Amino acid sequence: MKANALGRQVEVLLPTAVAHGFDYSVPDGMELSAGDIVTVPFGRSESLGVVWGAGKAQIAASKMKPVAICHEQFAPLPETMRAFIDWAAWYNCAPKGSMLKMVLPVAEIAKEGRIQFEPPPDNAMQLAPLSPAQQQAADTLAEGLSKGFSVTLLDGVTGSGKTEVYFDTIARALAADPASQVLVMLPEIALSVQSLERFTRRFGYAPVIWNSDITPARKRVGWQAIASGQARVVIGARSALFLPYTKLSLLVVDEEHDTSYKQEDGVIYHARDMAVARARFEKFPVVLASATPSLESYFNARQGRYKEVTLPARHGDAVLPDIELLDMRKPIVEKSAFVSQPLRAALAAAIAKGQQGMLFLNRRGYAPLMLCRTCGHRFQCPDCSAWLVLHKSKNKPAGLPALSASHGEGQETVAGDNNKHRLECHHCGHREPVPKACPACAAEDSLHACGPGVERLLEEVHEFLPQARVAVMASDSMDTSSNLSETIADMTEGKIDLLIGTQMIAKGHHFAGLTVVGVVDADLGLAGGDLRAAEHTYQLLHQISGRAGREQLRGKVYLQSFLPEHPVMKALLSGDRDAFMQAEMEARERAEMPPLGRLAAIIVDGAKEEQVSQVARQLAAAAASEQKLHVLGPAPAPLYMLRGKFRQRLLVKAGKSINLPDYMRSWVGSVACPSSVRVRIDIDPHSFL
Ligand SMILES: [Zn+2]
Ligand SMILES: [Zn+2]
């Protein structure tokens with residue numbers, strides 16, 4: 001008989017959108033404890049689930065279905081983990097079962113089968129020698145190990161060797177306890193080919209990889225390795241946070257400021273914040289690493305809530321690159337071109353010396369907008385409030401190199417006939433061919449592509465650097481991760497002279513020959529009035545600048561801007577990040593915005609416009625009038641229509657003393673809502689679209 005067995009009726013939580021568990025009977029001969037992973041009948045099928053506690057429902061024993069299987073090969077979810085799930089569901093105003101879905105992501109995980117994990121050989125580890133500054137940082141981080149919960153902000157300029165520092169901490173955590181596990185979270189696992197290779201090189205074995213793209217079969221192997229404690233180190237995207245580790249002893253959130261840690265679909269949550277919460281429940285240290293910390297973490301460090309470890313200098317001989325602002329209001333750019341003369345000259349000079357260049361523009365496709373020159377008609381998505389983006393490149397068949405590194409093929413791509421061109425919605429994926437004539441006025445040959453996307457830059461580069469080997473890196477040109485690793489390898493080996501890309505090129509990559517980085521539109525992220533626009537633009541531009549001159553060669557960064565006086569541009573030029581952060585913090589304080597105030601959003605959507613606005617109006621009317629709480633809206637969302645649904649938003653500003661999740665839940669619960677309208681709560685919203 002198992003200890004703490006619960007009796008003959010248990011509550012089982014299922015990984016589906018339910019707020020609480022269902023009661024099941026325990027068949028003779030089976031003993032169940034809280035946390036056990038089970039299979040139960042559900043509807044006409046069966047489902048995995050977790051025993052959440054003793055059953056409470058008043059149901060006749062004959063009507064209650066019995067638990068089918070207890071998966072004894074898996075350790076039960078510990079009490080701390082269950083408490084974390086309960087808390088995360090409460091905090092994010094999400095159904096508890098939806099949280100459990102992230103613990104038990106696919107049914108395959110319970111399937112039996114051999115998983116073989118080679119125990120890592122002890123002598124294979126080859127950590128890089130640390131500089132005195134790095135050693136000091138590593139020693140400070142190590143002090144936090146096995147001392148329970150703590151959060152440390154590892155704040156180091158790009159190229160200062162943050163990764164090597166936390167590798168050292170990981171090695172110490174693993175050595176201190178042979179049962180311990182370490183999780184390293186990264187923003188986008190597909191972008192981390194280099195970091196995985198680096199890990200394998202240092203530790204002598206490959207970590208378990210976890211992201212949403214891996215196959216169910218690989219998920220099963222990875223999940224079982226994690227749940228059995230065989231996986232010592234896991235490198236994963238945000239969803240890796242919720243897996244049933246047997247003994248986490250350290251969690252590293254790398255690039256902690258990255259916006260992709262906020263999940264916007266399904267359960268809305270912030271993985272960095274949830275990582276800190278899980279660490280508090282399970283009492284282990286968290287390291288938040290970044291060269292450009294989020295204002296939230298920066299604020300917590302200033303307040304003394306987080307410890308802070310800084311790495312001020314670039315490692316070795318590398319120095320931070322010079323930054324030059326190119327004022328695009330001046331006549332430095334040719335008509336209908338997007339790359340200015342000084343930037344062209346710098347790229348040409350670098351490539352002539354055998355060095356490499358990079359052009360950054362956070363826009364996929366050829367042109368962000370197409371309009372008719374005769375009547376002004378603009379092409380809009382039929383299902384979204386968004387312009388259609390012109391794409392010219394062909395979709396490359398999978399398995400082939402995704403890019404045209406040769407000049408010849410690039411010419412063919414951009415000069416292809418209109419049939420290959422298409423208009424695409426970047427919100428819902430809607431596609432249509434480019435018509436011969438304007439659909440509004442029937443004028444022929446009147447359609448005009450406005451503004452640049454990365455494909456258009458490629459065309460321009462071929463004109464002013466006809467001999468250069470150029471590649472484009474954007475999510476739609478990299479349809480497989482092997483394409484991506486191939487491009488990164490080509491760039492690393494110097495087979496590419498100039499890499500053009502969206503924010504995929506901004507993160508983490510280390511290219512020794514790269515000396516000139518051009519930001520084509522430094523102002524792009526500042527548009528839109530998002531509360532974090534300046535902060536995110538600063539972080540992104542700083543990150544891109546950090547790609548240049550990472551080794552012996554000195555790097556230079558060119559920012560093309562129409563707003564050279566903007567505080568973000570000034571901060572980048574002067575390199576005075578702390579002054580910028582301080583100014584941002586004061587602005588947020590005046591506006592009572594996060595991290596000094598709290599926000600929550602309500603998003604109402606549905607296919608019937610009138611129903612949606614009616615529910616939104618009712619919500620506004622039902623808002624309890626409380627001091628220190630301010631309800632704004634309803635207002636049509638900036639993306640008023642998305643995938644055929646109409647959207648209204650409300651925003652709540654609240655003081656820190658308010659129990660915001662409870663308030664939001666009871667407020668939303670007080671309004672009757674037809675099933676065709678969906679109301680979602682977003683605590684600490686990052687997107688305001
Ligand atoms: Zn027209
Ligand atoms: Zn659309």
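For comparison, the ideal angle at a metal with four tetrahedral donors is 109.5 degrees. The structure is a predicted model, in which local features need pLDDT of at least 70 and side-chain atom pairs count only at pLDDT 80 or more, whereas totals for chains, interfaces and linings use all residues. Residues are numbered from 1 along each chain as its sequence is written, chains are lettered from A and ligands numbered from 1 in the order in which they are written, and side-chain values use heavy atoms, with hydrogens and water left out.

Cys372 is buried, with a relative accessible area of 1%, while Cys375, at 39%, is partly exposed; buried denotes under 20% relative accessible area, exposed over 50%, and partly exposed the range in between (1.4 Å probe, protein chains only).

Cys384 lies in the loop between β17 (369-372) and β18 (389-391) and Cys425 in the loop between β19 (422-424) and β20 (431-433), so that the pair ties together parts 41 residues apart in sequence; helices (H or I, at least four residues) and strands (E, at least two) are DSSP runs, numbered from the N terminus. Cys384 is buried at 2% relative accessibility, and Cys425 is likewise buried, with a relative accessible area of 2%.

The protein is divided into domain 1 (9-79), domain 2 (122-311), domain 3 (322-586) and domain 4 (598-683), with bounds that come from an automatic or database domain assignment. The centres of domain 1 and domain 2, taken over C-alpha atoms, are separated by 33 Å, and four residues from each of these two domains take part in the contact, defined as heavy atoms within 4.5 Å. About 320 Å² is buried between domain 1 and domain 2, with 84% of this area given by carbon and sulfur atoms; buried area is the accessible area (1.4 Å probe) that two parts lose on being put together, summed over both. On the domain 1 side, Phe74, Ala75 and Leu77 lose the most area to domain 2, together accounting for 74% of what that side buries.

Helix α8 (residues 295-302) is largely enclosed by the rest of the structure, because seven of its eight residues are buried. These are Leu295, Glu296, Ser297, Tyr298, Phe299, Asn300 and Ala301, and the buried residues of α8 pack against β6 (150-156), α7 (271-282), β13 (285-290), β14 (307-311), α13 (533-545) and α15 (577-590). Just after α8, Gly304 takes a positive phi of about 80°.
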